[in-house]
Amino acid sequence: MIFRRGARKAKARPVNLALQGGGAHGAFTWGVLDRLLEDERIHIEAISGTSAGAMNTVVLADGMVRGGPPAARERLRSFWEAVSRLSRFSPVTRNPVDLLTQNWTLDLSLGYFFFDALTRSVSPYEFNPLNLNPLKDILTDLVDFEHVRACESPKLFISATNVETGRVRVFSRETLTADMVMASAALPILFQAVEIEGKHYWDGGYMGNPVLFPFYAASRSRDIVIVQINPIERPGVPKTARDILNRINEISFNASLLHELRAVDFVRRMLAGNWLNPEQYRSMLVHMIDGQNAVNDLGAPTKFNTEWRFLEHLFEIGRKAAGDWLDANFDSLGQTATVDIRRLFQGDGYE
């Protein structure tokens, strides 16, 4: 049975959601989605998701078809509960001292130290020749992709990176499969490239974390709400090898998003100056929900922490961030952007 959204959709303000990837930090996005789905003033018209954002996207879509927002919230919780069960068998766990002090870091975990060293020196084709992936098992067990392909609202866009060309590939919901979602989450140091239609794909974060351009043609809403997991700015210069590599990954995984934000601002300025035809171009309104220091201070290693208490912690941070954002910015939807893109690039020679 397919759930039909009627009155809520007619009265609510439509928004597009852009969901970043970030491993276990995707539980923060789960909290954001839970809060937005709860609010009848919001209608999610389209979602672009990458990696963990892609998984949140298809789980939400499956739930929407099963029974609307309440079912979507229930399915998202079930998914992250299943992810947390993986930690029972994982050698990557917190140090006993961190457990006692309620510190979420894995920096002192011997399991994480070994795992980190292994993935930097041995490829997944060598340490996992059978290409086993428990996340795919969770996804296929919990998500009915017939439901996902039947989900007309919200529209879905999942991105992955073509290994050979380096270009982004955007999969839409009409043909979406579990393999396409796993391609979006195929971090190359952890997983083998995923083959789809004779081509091989890695994590979508390299070329679209997440992509924004599908919203221009596919959605009537001008509002793009980015759920930010990877910090754009991180004060201080990293000095250790691990911190340097983690910061390089953060910069890489934000590069495509920053490029698209520059394009959004460029179109806005050209329209304001009457240099572009408003019948062919639209000025999009950009918003952002992030965990600010609450997520940024956790550090990159915690993206591998799938303990249920930690995922619940991220969920609560996400719910609060979304609630605070709605309180401060709901009236701006459809009217004005709440992210000043020019200020975001201030000091980088951006004019």
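At what angle do helix H3 (residues 52-85) and helix H13 (residues 308-329) pack, and how far apart are their axes?

**Entry 1: the helix pair.** I am working from a predicted model. I looked up H3 and H13 and found an angle of about 145° between them, with the axes 9 Å apart. I noted the hand of this crossing as right-handed. On the H3 side, I listed Arg73, Arg77, Trp80, Glu81, Val83 and Ser84 as making the contact. On the H13 side, I listed Trp308, Leu311, Glu312, Phe315 and Arg319. Sorting the contact of H3 with H13 by class gave me five nonpolar, one polar and five charged residues.

**Entry 2: strand S2.** I turned to the strands next. Is strand S2 (residues 42-49) buried or exposed? I found eight of its eight residues buried, so S2 is largely enclosed by the rest of the structure. The cut-off I used for buried is under 20% relative accessible area.

I then looked for the partners of S2. Strand S1 (residues 13-19) pairs with S2 in the parallel sense, over seven bridges. Within this pairing I located proline 14, which stands opposite histidine 43 in S2. I followed the chain from S1 through helix H2 (residues 26-38) to S2 and recorded a right-handed β-α-β crossover.

Strand S3 (residues 155-162) also pairs with S2 in the parallel sense, here over four bridges. For glycine 49, I found isoleucine 158 in S3 as the bridge partner.

**Entry 3: strand S7.** I asked about burial again. How many of the six residues of strand S7 (residues 223-228) are buried? I counted six of the six, so S7 is largely enclosed by the rest of the structure. I also checked which way the residues point from S7: Asp223, Val225 and Val227 go one way, and Ile224, Ile226 and Gln228 go the other way. Both sets are buried.

Which strands pair with S7? I found that S1 runs parallel to S7 and is joined to it by four bridges. The bridge partner of asparagine 16 is isoleucine 224 in S7. Strand S8 (residues 285-290) pairs with S7 in the parallel sense over six bridges. There I noted glutamine 228 with its bridge partner in S8, aspartate 290.

**Entry 4: tying the strands together.** I went back over the pairings. From S2 I can go on to S3, and from S7 to S8.

Notes. Residues are numbered from 1 along each chain as its sequence is written. This is a predicted model: local features need pLDDT of at least 70, side-chain atom pairs count only at pLDDT 80 or more; totals for chains, interfaces and linings use all residues. Side-chain values use heavy atoms; hydrogens and water are left out. Buried means under 20% relative accessible area, exposed over 50%, partly exposed in between (1.4 Å probe, protein chains only). Helices (H or I, at least four residues) and strands (E, at least two) are DSSP runs, numbered from the N terminus. Two strands pair if DSSP finds at least two bridges between them. A crossover is right-handed if, with the strands pointing away from the viewer, the path from the first strand over the helix to the second runs clockwise. Axes are lines fitted to C-alpha atoms, for helices over the stretch in contact, and angles run from 0 to 180 degrees between N-to-C directions. A crossing is left-handed if the near helix is turned anticlockwise from the far one by less than a right angle, and right-handed if clockwise. Contact means heavy atoms within 4.5 Å. Ala, Val, Leu, Ile, Met, Phe, Trp, Tyr, Cys and Pro count as nonpolar, Asp, Glu, Lys and Arg as charged, and the others, Gly among them, as polar.
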